[in-house]
Amino acid sequence: MATPTGSALMERLVSLCKRRGFIFQSSEIYGGINGFWDYGPLGVELKNNLRDVWWDSMIHHPPAGPDGRPVEIVGLDCSIISHPRVWEASGHLAGFADPMQTCRHCKRLFRADHVAELLGESDWVAAVLAVCEPGAVAGTHVPRRTELKRWAETRGKKLAPGLAIVREPGLIARINEDAHDVPMLLTILSSSGPPVTEVRLPCPNCGGDLTEPRQFNLMFETWVGAVRDEESKAYLRPETAQGMFYNFKNVIDSTRVKVPFGICQIGRSFRNEVTPRNYIFRSREFEQMELEFFVHPSEADTWYRYWRQTRFDWWCNLGLAGKNLRLRDHEEDELAHYAKDSGGCCDVEYAFPFSGEKGFTELEGIAYRSDFDLRQHQRVSGVKLEYFDAERNERYLPHVIEPAAGLTRGVLAVLCEAYTMDESRPSPELMRFHPHLSPIKAGVFPLVNKEGMPEIGERIYQELRRRVGSCQYDAKQSIGKRYARMDEAGTPFCITVDGQTLTDQTVTVRDRDTGAQVRVAADQVTGYIAERVG
Ligand code: ATP
């Protein structure tokens, strides 16, 4: 069986992630909580590895700049709750909202721009289309009154209790048997009023009537201190970026950085997403890896192009290269207000199995933010944030290029890319992680638990742990089952101590991707592995 795609791939991946301890639903024993996830023993290693590779590529080993000179970036770790005026300055209090619709029947909430997509995945829509006849034009359907009535009085009651023709089957007599596309057909079936002229989509859950879209602020609110009033209201940060802006002056005053330079941080962000979905892709609590790179306005374009390419190359180097990754420049109407007049905005996009018709969805955004954020914080706080550039003898507000990536969304892309089916293996499923990212770098097995093999195995295991970190010693069950466990965990190498080891002091090293085995001297195997996973 070939590696599945689409929803079949997601189903298998989610099941493997739970079974092998990558990702669990948060508070599962209480029925879970929508939009929150826990990372298990393998998942936390994978996530931390991705985090560390990013941090290293920013702070310790950034590539040379556009002029070949070293790039300077420093790190921060800011509090999750900050002064509420931060969000006034950033625009989140006024504008960080999604249009939301509520179902009048089942009371569920939906993001208005997700309703059409959710209807495409809905069971009741599939069922109602199945009782209509295909129209002459592709994509159209003809509602047949007799079949619709039978459906509304039987299956429809269970699948779409909120749909107008289910609640009032008498309405069906008024329906013309003309062909319609899906949005118009659903509008007709969900309308109990006069003949419809424009599309008005029903609830993806029950077919009920949806309210007009209302703006819904995505920030989680809390109160600081003992009194709960407007004065003590605060917010869980919806992005990590603002910490870099409100600390700009602190960093300038406490370090020797000079423009151009960057400030970055990795941390948790919180968004009360109306429809958290697609596993960890859109969660209510997630982690971001963000860089704010401060430049002289005249150099913004050069640095924007530099970061656009550098960030795309970074994901490619982690094994996401190929048909599943692309760099897409934003259309004019997608650009954020601050990016409109200059520079640009682009996304690194990945072909997630649920990306649907679009084919790709955002993994990281790279935006030219001009001096918007520093100017706003300067205005709202009243503190001067201008930078004095001694080389240019000029005082100005630096402009900013922001590569903003999702760490947890990155983990999902890495999981999707790694998942492979291979029926010829002891385990038909294996995870082909880049060795830097693999949660376990090597497995060590004694072939049998006697003749001194466990002692040699344990010695190698201890040495390996010291040198390359996370490794696993496994002496249980057949060697095939042990390989299978390591393949599912995405371990790139397995070392077996066997009979031959006792005579010539060599061990077998098996490569996860090719299954090929080579013999390596037992006293050199640690170096052999370190070289390949380091
Ligand atoms: P989206 O359009 O998917 O809602 P966004 O454009 O609002 O994302 P940004 O504010 O630019 O996202 O955040 C930067 C990155 O943070 C995104 O590219 C994504 O990887 C990650 N991210 C944003 N929202 C979520 C979320 N709800 N769950 C997981 N990751 C997220």
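The lining of the second largest pocket splits by class into 10 nonpolar, 2 polar and 8 charged residues, with Ala, Val, Leu, Ile, Met, Phe, Trp, Tyr, Cys and Pro taken as nonpolar, Asp, Glu, Lys and Arg as charged, and the others, Gly among them, as polar. The model is a predicted one, in which local features need pLDDT of at least 70 and side-chain atom pairs count only at pLDDT 80 or more, while totals for chains, interfaces and linings use all residues. Numbering runs from 1 along each chain as its sequence is written, and side-chain values use heavy atoms, with hydrogens and water left out.

The second largest pocket has a volume of about 530 Å³. A pocket here is an open set of points on a 1 Å grid over the protein atoms alone, with protein on both sides within 12 Å along at least five of seven lines; a cavity is a set where a 1.4 Å probe fits but cannot get out, and lining residues have an atom within 4 Å of a point. Points are joined across faces, edges and corners, and a volume is the space filled by probe spheres set on them. Of the 20 residues lining this pocket, Asp67, Arg69, Val259, Pro260 and Glu391 sit nearest its centre. Helix H13 (300-320) and strand E17 (387-389) are the elements giving two or more residues to that lining; helices (H or I, at least four residues) and strands (E, at least two) are DSSP runs numbered from the N terminus.

The largest holds about 70 Å³, and its lining includes Trp37, Tyr39, Arg268 and Phe286. Strand E13 contributes the largest share of that lining, 3 residues. The second largest cavity comes in at about 40 Å³, with helix H11 (residues 241-246) giving the most to its lining, again 3 residues. That lining divides into 3 nonpolar, 6 polar and 2 charged residues.

Then there is the ligand. Its shell has 15 residues, the closest being Arg271, Glu273, Arg282, Ser283 and Glu362, where a residue counts if one of its heavy atoms lies within 4 Å. Taken alone the ligand exposes 590 Å², of which the protein buries 81% (Shrake-Rupley areas, 1.4 Å probe). Strand E16 (361-370) gives the most to the shell, with 4 residues.
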